Amino acid sequence: MYACKVSQPQELLFYYVVKQSGISLEDTETIPPALYKNREKPLPVFDITGTLGVEKLTTSEKELCCNARLLPDTYLSSKSQLIAECIKRNGLRLLDARKLLKIDVNKTRKIYDHLTHNADIWQPAL
């Protein structure tokens with residue numbers, strides 16, 4: 001049985017390919033990198049043209065929706081909800097925004113960062 005100390009999944013795949021092919025470990029320079037490198041396909045472009053509410057978005061908001069893979073009506077409802085809550089509380093923390101929006105925390109972070117950058121919402125004063 002072949003045992004090796006592996007620190008990354010790519011190395012594990014590499015050693016598996018070497019073991020299955022019968023190549024000795026001294027001859028590993030001849031193995032093409034395509035056999036052991038992690039080759040993920042990129043996600044297809046998220047096209048929001050023709051969706052409901054796209055005409056209400058600015059250019060930067062369109063880019064945000066495409067990058068975060070959000071529908072424009074979802075973004076607009078999240079935006080209005082965060083702005084209303086920020087005015088009500090006189091500031092809004094990211095934690096509060098995550099509790100308000102019932103979507104992925106990474107998407108909430110992108111929306112929160114975008115709105116704070118555009119000064120639509122702000123952090124509460126300490």
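What does the chain average in pLDDT, and what share of the residues score at least 70?

1. Confidence. The chain averages a pLDDT of 81, and 68% of the residues score at least 70. pLDDT is the predictor's confidence in each residue, from 0 to 100. This is a predicted model, so local features need pLDDT of at least 70 and side-chain atom pairs count only at pLDDT 80 or more, while totals for chains, interfaces and linings use all residues. Residues are numbered from 1 along each chain as its sequence is written, and side-chain values use heavy atoms, with hydrogens and water left out.

2. Over residues 1-7, pLDDT stays under 50. The model has seven contacts (heavy atoms within 4.5 Å) beyond four places in sequence for residues 1-7. Where pLDDT is low, the predicted coordinates should not be read in detail.

3. Helix α5. Helices are DSSP runs (H or I, at least four residues), numbered from the N terminus. α5 covers residues 105-117, 13 residues in total. From first C-alpha to last, α5 reaches 18 Å, close to the 18 Å expected at 1.5 Å a residue. That expected span is 1.5 Å times one less than the number of residues. A119 follows α5, with a positive phi near 65°.

4. Faces of α5. Buried means under 20% relative accessible area, exposed over 50%, and partly exposed in between (1.4 Å probe, protein chains only). T108, I111, Y112, H114 and L115 are buried. Seen down the axis of α5, these residues fall within an arc of 165°, so they line one face of the helix. The arc is that of the directions from the helix axis to the C-beta atoms. N106 and H117, on the other side, are exposed. The cover over the buried residues includes α2 (59-68), α3 (72-89) and α4 (94-100).

5. S78. This residue sits in helix α3. S78 is buried, at a relative accessible area of 5%. A polar atom of its side chain lies 2.9 Å from the backbone oxygen of T74. Leaving aside neighbours within four places in sequence, S78 is in contact with L101 and I111. I111 is one of the buried residues of α5.

6. Cysteines. How many disulfides does the rule give? The count is zero, with a disulfide taken as a pair of cysteine sulfur atoms within 2.5 Å. The closest cysteine sulfur to that of C65 is in C66, 7.0 Å away and too far for a bond. C65 is buried at 0% relative accessibility, whereas C66 is partly exposed at 27%.

Key:
Helices (H or I, at least four residues) and strands (E, at least two) are DSSP runs, numbered from the N terminus. A polar contact is a pair of N or O atoms within 3.5 Å; within protein, one must be able to donate a hydrogen and the other to accept it, and residues adjacent in sequence count only if both atoms are side-chain atoms.
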